[in-house]
Amino acid sequence: MKRNVPLAITFIVGAVLIFSVFIPPMENWGEDFTLFFDIIAVFAFFLGGGNLLRVHLTKLSRRKQDWPYSIVTIMGFLLMLAAGLFRIGNPGDINASLTEQGSLFQTIYDSVFVPLGSTMYALLAFFVASASYRAFRAKNREATILLVAAFIILLGRTPLGTIVTGWVPESFSILQIPNLAIWIMNSPNLAGQRAIMIGIGLGVVSMSLRLILGIERTYLGGDDK
Amino acid sequence: MEHFALWLAAFLTLGIISFLYKDNAWYKLTESIFIGLSAGYWMVSLFWDNFYGKFWVNKSESPYLYVGAVLGLLMLLRLVPRIGWISRWPLSFIVGATSGLWLINYFSSNIMKQIEATILPLFSAQFGSGFDAGAAAIIGNLVIVTGTFSGLVYFFFSKEHKGAFGRTAKLGIWIIMITFGASFGYTVMSRMSLFIGRIDFLLSDWLGMIL
Amino acid sequence: MSTRAKEILVIIMIVVFSLVFYFRKIAGGKEIIFSNLVAWVLIALLVLSLGLILILTIKGSLIGRRVVFIYVGIVLALPLFMPFTQKITISPEVRSLYEAVEKLPPGSKVLVSFDYDPPSAPELQPMGESFIRLCFQRDFKVIIMGLWPQGPQQANIAIDKILEDPEMQARNLRYGEDYVNLGYQAGNEFVIQRMGSSFKSMFPSDYRGIPYDSMPLVRNIRNFSNIDFSFNLSAGFPGSVEWVQIAVDRYGVELGLGNTAVQAPQMYTYLNSGQVVGLLGGMNGGAEFELLCDYKGKATKFMLSQSFSHMVIIAFIIIGNVAYFLGGRKSALKDK
Amino acid sequence: MKTIGLFRFLPALTSFSIAFFIIFSPALKAQAPDDSLSTTSPDALAVSIAPPTSLVVFDYKYDDGEALELTWVPSVDDLPVVGKVTGYELYRSDNGGEFYKITELIPGSNNFRDEDLSTGVNYVYYIVALSADARAASVKTEAIQTHREWLNFNLKYLFLIALIISASVIYFIETARRGKKLFVRKIAGLEAVDDAIGQATEMGRSILFIPGINDMDEVQTLAAITILGRVSRVVADYDTKIHMPVSRSLVMTAARETIKASYMAAGRPDAYSDDMVHYVTDEQFGYVAAVDAIMVREKPATIFLLGSFFAESLILAETGNSVGAIQIAGTARPAQLPFFIAACDFTLIGEELFAASAYLSGEPKQLGSLKGQDVGKALAMLVILIAVILATISEIRPLETVRYVLDFLIQVFTIKT
């Protein structure tokens, strides 16, 4: 019961969805599944959100390190729930649109979320630099190839690239760095991408089969029958 | 109010940037604000978009949606230790459905389409003459075909990379490395412009040092 | 002085610095530009310090990642204060766009679609600004729309910026007569398709709710046949590809493109086939266009930052390799 | 080890599908629109533009009786750029009711698929060409009903190839299960798993496991969870600390279930605690901010970054690198792989991510599935080789048979929708 029922559910649902693609009266079942999934995800959030509260309340009550920050997190969470679920601070009433201009919910989104998210995203500028500094070293043949390809593309995007190879005659224009950069993007880069993608396709097929057939079942609890 | 919003945005922006120096109180405060507010934001969105918008509004019209709700409720049984194991049912439903759904999707988009796109002639009169156009196109197609081929050889699991097979696999990993190097170099510019955007906010919108 | 004290000092400096400049801004302070001398000295210092790092590396002491971070921050920020602009060579696809706009007679109706959101703004916003500015200068009528929800907001930011300029204020541009912002419409490529038969069906009112028919500029515009030129600023889907496939291929619209650097290479096929008249790709494209318009906008400024940062990354890659080869190829090259 | 009962269904399932395919194969030939119902005649009214002609309606093939296809010849006044026609309107009547407009179409269009129809209803259509000041209607079609098909023969090659590859995977699983030894090459990133966990144990530090930022409806997350099963088993044996912040509630539930199972299998259920896995936030960069902080504060000895990653890949990998952790990463998102390659010690590239749990399990039947995948690769390589040779030959010298075979091959791999 504890193990075989879940295995049977996985098998039946998986097999049915595979075959539904080929059977027109069933072709929308995949979309229905995503609906089910979205609904399940809401219920699951009670576990997730509850867990978040629990973690921070525990931190708070046991006065663990950095506990004052937990107050901020909990307050933020509750504030957003109040503004969103009960539409507090919304110029319209409960039926007004959540994202109405001037509502507390939308204001918080615009003035807190946007700067936070885009700055976190923008940190990539620094990490790209430190990763290039550390990783692009000609340690072995593979690393050298990686380095050279990245170097050509980088050069091709600065005025330096045009200057360095500007002397190459027009009939060999492919050897000018900006053109070479475009050629690398369109040929070897494409080939590598394709090999990776075909491999991924096969990997998914094989793993899905292992899951559907119940060969892979680490996610289902152990042998507690 | 306008001043406050500007200073708040600047405070949060600098708080995140300060993490580059090291973990510190300013960052911790910013991080806690971000986590609390965003978790709340997502709960609200999930509730209104998914539960209300997809289930509550349509439930009388499409009664089969109750299946989703029941599975969701079973998920909550985790909170009752004695019958918590029932929550594996919705879990196995999701695992089965995800596997089944993606098996065919990946099959068509990752295998069939990519193979079709690789069926290229190695030579064509349309390529034009001269080194710049003709040769580049011929070499380009040759590289795409041999690159895809040898890349696949690299991924072979059940054959040892030895002899001619090993050399092809080696070529395959080189092609893959070119791919990685190229995509890395290619994204640097857009990553830099992301931070230029933040600097522009700080120096222009906030402090008015530049226009 | 302990690290703690230094940190507190830095924070105090940041606070004082920002307060000073904030009040300076409120008091109407102008932008800060270094003199040529200062700028060259700074560049020289930058190059020298990189050389010093190289020497240090050769001698065997490696720099940590924080040093790299500081350099990235400096080279992205400092060029924004520098008086000179990078030598820009104008590529044919930018020139052809400019020439196509030049050819239009005064009073031409130009449709500009803002199809991007704030993260792509550093690249695309300057293009939008210089393009609309050029249109106003030539007395064109500008119709703005967006296929991305945040596009029309970006357009408003651009217009506000343009209208701050006294030269533009002197033109006495009026909303509804000289330019309109029709706002965002959901539906991706279908919006373009439906606009083929009727603009009004897609935009019954503008972004502020003013009815389509009450705005003199658009009252008589039915569909693409009343539009003389189109410009599309795009960061992905829906965007340039859809505009080319529908507006150009089906309705014969004359179209120019402004794209992010990531997207631009895919557009060269359309350029070569003549489906689009011109293309601005990434910050380079924006800077080149500003040069043609004789307007020093943000792209020109940002461009310098962009190139500086690329050079610095290339420099650090070289330093890294020097470190590796001189360090007896030891594998333990982890920082810290 | 005994296999589960379900597994025995397989041969039956396979033969069932083959039989399915064979029985319905006569329908393969019936693809032409044979039930076209109407013809045309010039419109009687004198108007300033010509009407569209040859309006034909036929059942859309291989659907649930929901769609009809219409084709027509556009008005002769419909020319690119200089033409007078500004668009078309399509009208429909259901069961002899009144005609109403179902859609507007742009100039130059010559077909339309009318969807969301029902079976058993008689539909009649006509189309009107519009210009600035005139309308010109085509003749009406005869009444037509939609038809429901039970199998989608547009996808027959997809089905066939999927069947071959799935069958080869299953065949090798079976072969291996019967005890035949199969060779599987070493995968560096996975060989390192044991050592990496061992090192964390020695240093007395924790292991951080990040399963990507997507939910359980993404296969890469499933792959990450299956790998978690193997990793947490080693963790349980070594008695190391594992920490797993997640960005989705469902992933949290699945991960807890998985880790708990591993601890039970290791005979140490008491050592398991729900606190090993905790939810942070669904927001992409909020999650990244939290994970970065955890890395810096806890200084884990080993970090696993497995699953579906977006722009955050490099932020996480660089931060992990800066605290000196051994990093094992893997994703099937080609755009993010370069960043992992640059910043992590070991990277599972695409297919290797999905193969990982099978590889780590070391069970013969799991390894058998990897051999099955290789058959797929061999097949893909063979097709590419043959097709490229044929394509090149037909470019140099146009031979009819070569062209025919090539077209067939291309048709096989083209998916019709």
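## Helix 4 against helix 9 in chain D

In helix 4 of chain D, D:Gln220, D:Ala223, D:Thr226, D:Ile227, D:Gly229 and D:Arg230 meet residues of helix 9 of chain D. The partners in helix 9 are D:Leu353, D:Phe354, D:Ala356, D:Ser357, D:Leu360 and D:Ser361. By class, the contact of these two helices has 6 nonpolar, 5 polar and 1 charged residues. The model is predicted.

Helix 4 of chain D spans residues 219-238, and helix 9 of chain D spans residues 351-361. Their axes lie 8 Å apart. The packing angle is about 20°. Angles under 35 degrees count as roughly parallel, so helix 4 of chain D is roughly parallel to helix 9 of chain D. The crossing of helix 4 of chain D with helix 9 of chain D is left-handed.

## The sheet of chain D

Chain D also holds an open sheet of 4 strands. Their order is 4-3-6-7, and the pairing is antiparallel. Strand 4 and strand 7 of chain D are the edge strands, each pairing on one side only. Strand 7 covers residues 135-137. From one strand to the next, the twist averages 25°.

## Strand pairs within the sheet

Take the pair of strand 3 and strand 4 of chain D. Strand 3 runs over residues 87-94 and strand 4 over residues 100-105. The two strands are antiparallel and are joined by 5 bridges. D:Tyr88 stands opposite D:Leu105 of strand 4. Together, strand 3 and strand 4 of chain D form a hairpin, with 5 residues between them. In the turn, D:Asn95 has a positive phi of about 50°.

Now the pair of strand 6 and strand 7 of chain D. Strand 6 comprises residues 123-130. Strand 6 of chain D pairs with strand 7 of chain D over 3 bridges, again in the antiparallel sense. Here D:Ala129 faces D:Ala136 of strand 7, standing opposite that residue.

## Chain B against chain A

In this interface, 99 residues of chain B are in contact with 102 residues of chain A. Six elements of chain B give two or more residues each to the side that touches chain A. They are helix 1 (2-17), helix 2 (25-56), helix 3 (65-76), helix 4 (88-118), helix 5 (130-155) and helix 6 (163-206). By class, the side of chain B that touches chain A has 65 nonpolar, 27 polar and 7 charged residues.

## Chain B against chain D

Between chain B and chain D, 47 residues of chain B are in contact with 53 residues of chain D. Helix 2, helix 4, helix 5 and helix 6 of chain B each supply at least two residues of the side that touches chain D. Helix 4 of chain B gives the most, with 15 residues. The side of chain B that touches chain D divides into 30 nonpolar, 11 polar and 6 charged residues.

## Domains of chain A

Chain A is divided into domain 1 (4-123) and domain 2 (126-215). Taken over C-alpha atoms, the centres of domain 1 and domain 2 of chain A are separated by 37 Å. The contact between the two takes 6 residues from domain 1 of chain A and 6 residues from domain 2 of chain A. On the side of domain 1 of chain A that touches domain 2 of chain A, 4 residues are nonpolar and 2 are polar. That side has no charged residues.

Definitions and conventions
Residues are numbered from 1 along each chain as its sequence is written. Chains are lettered from A and ligands numbered from 1 in the order in which they are written. This is a predicted model: local features need pLDDT of at least 70, side-chain atom pairs count only at pLDDT 80 or more; totals for chains, interfaces and linings use all residues. Two strands pair if DSSP finds at least two bridges between them. Two residues are in contact if their C-beta atoms, placed from the backbone, lie within 7 Å. Ala, Val, Leu, Ile, Met, Phe, Trp, Tyr, Cys and Pro count as nonpolar, Asp, Glu, Lys and Arg as charged, and the others, Gly among them, as polar. Domain bounds come from an automatic or database domain assignment. Axes are lines fitted to C-alpha atoms, for helices over the stretch in contact, and angles run from 0 to 180 degrees between N-to-C directions. Angles under 35 degrees count as roughly parallel, over 145 as roughly antiparallel, 65 to 115 as roughly perpendicular and the rest as oblique. A crossing is left-handed if the near helix is turned anticlockwise from the far one by less than a right angle, and right-handed if clockwise.
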